[in-house]
Amino acid sequence: MNIEIYTLSYCPYCMKAKEFFKSKNIPFVEYSLDGDEDKNFGELQKKFNIKGEVTAPQIIIDNKRIGGYSDLIEKVQNNELTF
């Protein structure tokens, strides 16, 4: 399983997403969106064909966009994602 998390250093939901995977000993690769956030969010929007506003974190599992932390937890609770 390949997990990517696009984060902002000051984002509490980014921290929660990383802690979720760490607590389950699930490896992930983190990509920082810090710096030129408008540019970085725009590139992320194009890369994953995101309609509407892009938020952080963005969680990608096996090249499929899951969404943010709340989306991740909802999918886990609904057994749409299992680890």
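Begin by selecting Phe-20, which is buried, with a relative accessible area of 12%; buried means under 20% relative accessible area, exposed over 50% and partly exposed in between, with a 1.4 Å probe and protein chains only. The model is a predicted one, in which local features need pLDDT of at least 70 and side-chain atom pairs count only at pLDDT 80 or more, whereas totals for chains, interfaces and linings use all residues. Residues are numbered from 1 along each chain as its sequence is written, and side-chain values use heavy atoms, with hydrogens and water left out.

Rings of Phe, Tyr and Trp (its six-membered ring) pair if their centres lie within 6.5 Å; planes under 30 degrees apart count as stacked, over 60 as edge-to-face and the rest as tilted. By this rule there are 7 aromatic pairs. In one of them, the ring centres of Phe-20 and Phe-21 are 5.2 Å apart and the planes stand at 80°, so this pair is edge-to-face. Now display Phe-28: with Phe-21 it forms a tilted pair, 6.1 Å centre to centre and with 45° between the planes.

Switch to a cartoon view of the protein. It contains 3 helices and 4 strands, in the order β-α-β-α-β-β-α along the sequence. Helices (H or I, at least four residues) and strands (E, at least two) are DSSP runs, numbered from the N terminus.

Select strand β4, residues 64-67, where Arg-65 lies. Arg-65 is partly exposed, with a relative accessible area of 36%. Leaving aside neighbours within four places in sequence, Arg-65 is in contact (heavy atoms within 4.5 Å) with Phe-48, Ile-50, Gln-58, Ile-59 and Ile-60. Then pick Ile-5, 60 residues away from Arg-65 along the chain; their C-alpha atoms are separated by 10.0 Å.

Finally, show the whole chain. Along its principal axes the C-alpha trace spans about 35 × 25 × 20 Å. Of the 83 residues, 40% count as buried. Among contacts between residues at least 6 apart in sequence, 56% join residues at least 24 apart. With the surface displayed, the protein exposes about 5300 Å², of which carbon and sulfur atoms supply 45%; accessible areas come from the Shrake-Rupley method with a 1.4 Å probe.
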